[in-house]
Amino acid sequence: MATRSEESATTEEEPSESLGAQKREERLRKFRELHFKRNEARKLNHQEVVEEDKRLKLPANWEAKKSRLEWEIAENEKKKECASRGEDYNRVKLLEITADDADRWERKKKKKNPDTGFAGYAEAQFRQYQRLTKQIRPDLESYEKLREESGEDFYPTSNSLIHGTHVPTKEGIDRMVEDVEKQIEKRAKYSRRRAYNDDADIDYINERNAKFNKKAERFYGKYTAEIKQNLERGTAV
């Protein structure tokens, strides 16, 4: 009888011990999962802090510049594809524009007038600066090559002597010549107010009449020159 009671007691203790071991194992597994999740959250938070710090150090218009550069890269790729196929890029681009977009761009173009003519030397200089900076296309290959050739003189100090050592490239000279020719062509389109000539004959009563007389002289002057001379001499019949 004693042996049967001991066996029954041991059999009852074994399930209870195995049940306790399972619960302990389950708790340890959950603890390990929570520990792993905590480490993952800590790592993600650290990455977000680093990324936010990078974004704060960037310029205010970085996103606009980035999107502009991406657009320019995509535009250059499309131009190369059209050139390889022998197609006109401007024609292909116009085929992709919808009527609504074209109408909206046309209205926007009519609203803004970037060049209002000469209003002052400061404003003209500022417009020139804006135009030149928009045309700048950095050449990273030339930059790296120049830095390797210059060595320490690439970052000059007060003791550096680099005056007269720079030799411009042929491409740079061509760009400058092209820009100067464009400026000359643009200036030629503007009309300036002619200076008043005190020695000229006064044959008008106001500025509007003076303009009319100049036009008449331009078209009919050679036909009426003799009549005018006779009237001035008093020998007209």
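E26, R29 and E33 are linked in a network of salt bridges. A salt bridge here is a side-chain nitrogen of Lys or Arg within 4 Å of a carboxyl oxygen of Asp or Glu. The model is predicted, so local features need pLDDT of at least 70, side-chain atom pairs count only at pLDDT 80 or more, and totals for chains, interfaces and linings use all residues. Residues are numbered from 1 along each chain as its sequence is written, and side-chain values use heavy atoms, leaving out hydrogens and water.

A search of the whole structure finds 10 salt bridges. Three of the pairs are listed here.

| Pair | Closest N to O |
|---|---|
| R29 and E26 | 2.2 Å |
| D179 and R131 | 3.1 Å |

Take R29 and E26. Both lie in helix α1 (residues 2–57), 3 residues apart, about one turn of the helix. Helices are DSSP runs (H or I, at least four residues), numbered from the N terminus. R29 is partly exposed, at 35% relative accessible area. E26 is partly exposed too, at 33%. Partly exposed lies between buried (under 20% relative accessible area) and exposed (over 50%), with a 1.4 Å probe and protein chains only.

Next come D179 and R131, which form a salt bridge. D179 sits in helix α7 (residues 170–189) and R131 in helix α5 (residues 121–134), so the pair ties together parts 48 residues apart in sequence. D179 is buried, at 14%, whereas R131 is partly exposed, at 25%.

K182 and E178 are 4 residues apart in helix α7, about one helical turn. K182 is partly exposed, at 47%. E178 is partly exposed, at 42%.

Definitions and conventions. Helices (H or I, at least four residues) and strands (E, at least two) are DSSP runs, numbered from the N terminus.
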